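Okay, hi everyone, I've got one chain to walk you through today.

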Amino acid sequence: MNLKYDIISSGSSGNSSVFRLGKKFIFVDMGLPLNQIQPFIEDKIEENGFSHFDIDEIILFITHEHNDHIAGMKPFLSKYSPKIYSSERTVERLIKNGFDEDLFYTMEADVEVTFNDFSVKPFRIKHDAVEPFGYRFKFEEADVSYLTDVGIISDYIYKAVEDTETIILESNYDPELLKNSEYPNFLKTRIASSFGHLSNEDAHNLICKLSMKKLEKAVLVHVSENCNSYEIVQKYAESCFQNFNVVTTVAKQKENYSII
Ligand SMILES: [Zn+2]
Ligand SMILES: [Zn+2]
């Protein structure tokens, strides 16, 4: 069915990625400004030789309500009117913050939702948001798990992604760089807590475990600009390839990546 997947941008200052399935666009999170999203969509439309009017459908899945995942929603909605899916409490929060109720559909953790040509199963993650979700997408050609903004990998989370073939995984911080960063102590504690973010080592360990199942490809995302370095994350990525045979890419904040 000619599936494509691009990380448009990822990091603490904004996250959004998109699956393209024929003339359908399926976004995960909208933390980027319209002046970054719109040229991306237009490029893809042009590349594939169709027009705006031919777009079948635009769907947006939201992981949680933090700004770096939703900051671009308002202008995006007024331009493209997507159908938006998220957890019940995240949707409630967004409506309370002024979004129109009619745009949203709620999903329940562990209940797979089937669309025409793909399915999605949300799962609960540990993060300091009202009801954050990770997502497991299944397409005819690919099985992709999306797991960012997660403090720890509990047994439940591990089970949700256990036999995935591709994972988009947070590799947020290096403990030493976090400790020496200029962040206030409460923020350092929050990031390192089980409701904060995932360290490079935690991400590496999960890839190691998943490589014994079906994992073939990983993308390390949401790399902190203040408490991490791309060089360190790149070393972990190389280790994932050399030691576990998982092709691993590091997504930088200002670059976009075609994954599939
Ligand atoms: Zn977050
Ligand atoms: Zn985030």
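So, Thr 166 has Lys 217 as its bridge partner in strand S12. When I say strand, I mean a DSSP run of E of at least two residues, while a helix is a run of H or I of at least four, and both are numbered from the N terminus. Thr 166 belongs to strand S11 (residues 166-170), which runs parallel to S12 with five bridges joining them. I call two strands paired if DSSP finds at least two bridges between them. In general, strands of a sheet pair through backbone hydrogen bonds, parallel or antiparallel.

S12 also has strand S13 (residues 247-250) beside it, again parallel, with four bridges. There, Ala 218 stands opposite Thr 248. And is S12 buried or exposed? Strand S12 (residues 217-221) is mostly covered, with four of its five residues buried. Buried means that 20 or more other C-beta atoms lie within 10 Å of the residue's own; exposed means 12 or fewer, partly exposed is in between, and the C-beta atoms are placed from the backbone.

Quick word on where this comes from. This is a predicted model, where local features need pLDDT of at least 70 and side-chain atom pairs count only at pLDDT 80 or more, but totals for chains, interfaces and linings use all residues. Residues are numbered from 1 along each chain as its sequence is written, and chains are lettered from A and ligands numbered from 1 in the order in which they are written.

Now the other sheet I want to show you. Seven strands make an open sheet in the order S6-S5-S4-S3-S2-S1-S14, with mixed pairing. Strand S6 (104-107) and strand S14 (257-258) are at the edges with a single partner strand each, so one side of each has no neighbour in the sheet. S14 pairs with S1 over two bridges, antiparallel, and Asp 6 has Ser 258 as its partner there. On to S2 (residues 16-21): six bridges join it to S1, also antiparallel. S1 and S2 form a hairpin with six residues between them, and Gly 11 in that turn has a positive phi of about 155°. Further along, strand S3 (residues 24-28) and strand S4 (residues 57-61) run parallel, joined by five bridges.

Let's zoom out to domains, whose bounds come from an automatic or database domain assignment. Here we get domain 1 (1-114) and domain 2 (142-253). Their centres, over C-alpha atoms, are 23 Å apart.

Last stop, the inside. The largest nonpolar core has 59 residues, and Phe 27, Phe 61, Leu 169, Ala 218 and Leu 220 have the most contacts inside it. Such a core is a set of buried Ala, Val, Leu, Ile, Met, Phe, Trp, Tyr and Cys residues joined through C-beta atoms within 7 Å. If you leave out residues up to four places away in sequence, Phe 61 touches Phe 27, Val 28, Tyr 85, Ser 86, Val 120 and Tyr 135.

Key
Two residues are in contact if their C-beta atoms, placed from the backbone, lie within 7 Å.
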